[in-house]
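Trainee: I would like to learn how to read packing features from a model. Can you walk me through this one?

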Amino acid sequence: MKIAIIGAGVSGLATAYNLKKLIPSAEIHIYEKGIEVGGNANTINVNLPTPSGNKIRWVDMGVNDFNKATYDNLVAFWKELKIMDQDGNSDYCRPLLNNASFAFSGSNYRYSVENNGEVAVPTGGVASKINLQKGKDDFIKEIAAWYKLIPDEEHAPRTSVGEWAEAPGRFPGEFVHSNLYPRINGMYFTQEQNPQNIAPPSVMPLWMVAHYYILQEGYTDSIQNGDDLWTRQYFKEGSSRWLKFLARKLKEEMGVDIILGANKLHVNRYKGRMTVYNGEITQDSYDKVIFATHADDTYDMIDFKNDDDAMIPALKKFTYDTSTAYVHQDKSYIPLDGEGNCNKTYNIHIYDYNPSLAHKWPYTITYIVNYHQNDQPLDKDPLFFITLNPYKNNGAAPKNLLKRTEDGKDAIATFKHCKLDVAAMDAQVAIDKMQLGKDAPVRDFYYVGSFSVGAGLHEECIIKAQELAKKIASNSYVSNEIYDFSGERHFAPQYIMNIVNRK
């Protein structure tokens, strides 16, 4: 079997690895438009000024952490690759500090959420009026209980976030509107765009939001009991490091061909084969093509759009926006304590849902890189920051102290994000049914890009890669790792149920 995989991010590389395990004889070519593997796992080196001269420091511009307590498949994958030992120790990750402040109107912070989920409210000014009775962990505990015990799979798709979270007596309105909704906006890249001024999070399916919070924020009994296990991990030396390791293993030990700089691809069907054109002249034919790219890029590559296949129209249900990350040393993006120090890992700039306000981005975030995703002693380096979608300067780069990369370019990266609105989530469920359901036909093309699974987290991409490889190896395989609202089993994927049922 000859297989082309387009895209060398976590989805494409993990799919190649699993296919070679199950079908050792498969000839696999991976096409990547960039000059390095990784996709949104984008690690760069920047110059930092120190008293003794410039120092080179690494920075993750996109993906920068994962949850060791709930990313069971990533942990198992790393152990299989032998970059994590059987006790869970790895040179590829370290515990990160995980506390946040929430700010508005410049640098006046409203409240902060500590590692244990407790909410700390400053005194004086507007902030003293805030009364948050529910912390993030209380929310996760309640939403996990809903996810686990929902009595009616048929009703599950119709329960909205607003219907559940704004039910009388469940959560304070301040928590819902100034914590929950802005965070959902940030994680799902939604925007407030309808004339009734109902925030998109309020109409999103609760099951999908529950999925994200349980998986990424870390629902485990030990955490719910107040134990701080430091389960959130950053990628030591960058998120692209382990993917470069995996790419080397695929090439040197498994015989997978990785073609970099393939930025003029298009795919067609010809005489019963899938043909990949790399530029105007180079072409090759395959039994199967797997798209591990963004939905809009995938749609642009496909030359057989008029084929009668529901999979291709599903791609048009996904829409995209962009986010830009800047590396800088402007402290004004982080609220300071009484002594002028930055004392939280990251700050989220939020706003109240007010019809008179217009915002380009409903969510911006600034990380202290030293705290959140670096591994040098804090007293050895000056503080530096990443701001995603700056709320100052109309979204432009910080006015001062913008850093430069090792090769002298501005330390800026722009990413495309799939907006996970209701249409996109419906398309994900439909694509899973067509690809991995029990009645799914044998196909010659598949989607495994991050858009096709949940919020596109590392864990989800690895699971999708594993399941798709099993389906290609044996079409009789039926996946329990997809959403199924038929009533034959719990509607949720097995990996989510493993988390909420964990003791």
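Predicted model: local features only at pLDDT ≥ 70, side-chain atom pairs only at ≥ 80, totals over all residues.

Trainee: Is Y92 buried or exposed?

Mentor: Y92 counts as buried, because its relative accessibility is 13% and the cut-off for buried is under 20%.

Trainee: How do I read an aromatic pair?

Mentor: A pair of aromatic rings is described by the distance of the centres and the angle of the planes. The structure holds 30 aromatic pairs. In one of them, the rings of Y92 and F245 have centres 6.2 Å apart and planes at 65°, so the pair is edge-to-face.

Trainee: Which parts does the pair of Y92 and F245 tie together?

Mentor: Y92 lies in the loop between α2 and β6, while F245 lies in helix α9 (residues 240-252), so the pair ties together parts that are 153 residues apart in sequence. Now take the rings of W146 and Y147. Their centres are 6.1 Å apart and their planes stand at 70°, so this pair is edge-to-face. W146 and Y147 are both buried.

Trainee: Which residues do ring pairs link into a cluster?

Mentor: The cluster consists of Y17, F66, Y71, F77, W78, Y92, F235, W242 and F245.

Trainee: What sits over the ring of Y286?

Mentor: The charged end of K2 does, 5.2 Å from the ring centre. Likewise, the charged end of R443 sits over the ring of F445, at 4.9 Å from its centre.

Trainee: Next topic: sheets. What should I look for?

Mentor: Strands of a sheet pair through backbone hydrogen bonds, either parallel or antiparallel. Here, an open sheet of three strands runs in the order β5-β10-β6, with antiparallel pairing. The edge strands are β5 (65-67) and β6 (93-95), each pairing on one side only. Ignoring direction, neighbouring strands of this sheet are turned by 35° against each other on average.

Trainee: How many bridges join β5 to β10?

Mentor: Three bridges join β5 to β10 (residues 232-235), and the two strands run antiparallel. For F66, the bridge partner in β10 is Q233. F66 is also one of the residues in the ring cluster.

Trainee: And how do I describe two packed helices?

Mentor: Two packed helices are described by the angle between their axes and the distance between the axes. Take α2 and helix α14 (residues 458-473): they pack at an angle of about 70°, with axes 8 Å apart. The two helices are therefore roughly perpendicular to each other. The crossing of α2 past α14 is left-handed.

Trainee: Which residues of α2 are buried?

Mentor: In helix α2 (residues 72-81), the buried residues are N73, L74, V75, F77, W78 and L81. F77 and W78 are also among the residues of the ring cluster. Just after α2, K82 takes a positive phi of about 65°.

Trainee: How many residues of helix α7 are buried?

Mentor: In α7 (residues 206-216), 11 of 11 residues are buried, so count this helix as mostly covered. Among them are W207, H211, Y212, Y213 and Q216.

Trainee: One last case. Where is S323 found?

Mentor: S323 is found in strand β16 (residues 319-328). At 2% relative accessibility, S323 counts as buried. Its C-alpha atom is separated by 9.7 Å from that of P390, 67 residues apart along the chain.

Terms used. Residues numbered from 1 in each chain as written. Heavy atoms only, no water. Buried < 20%, exposed > 50% of the residue type's maximum accessible area, 1.4 Å probe, protein only. Helix = DSSP H or I, 4+ residues; strand = E, 2+ residues; numbered from the N terminus. Pairing = 2+ DSSP bridges. Axes fitted to C-alpha atoms, helices over the stretch in contact; angles between N-to-C directions. Phe/Tyr/Trp six-rings, centres within 6.5 Å; stacked < 30°, edge-to-face > 60°. Lys NZ or Arg CZ within 6 Å of the ring centre and 35° of its normal. Parallel < 35°, antiparallel > 145°, perpendicular 65-115°, else oblique. Left-handed = near helix turned anticlockwise from the far one by under 90°.
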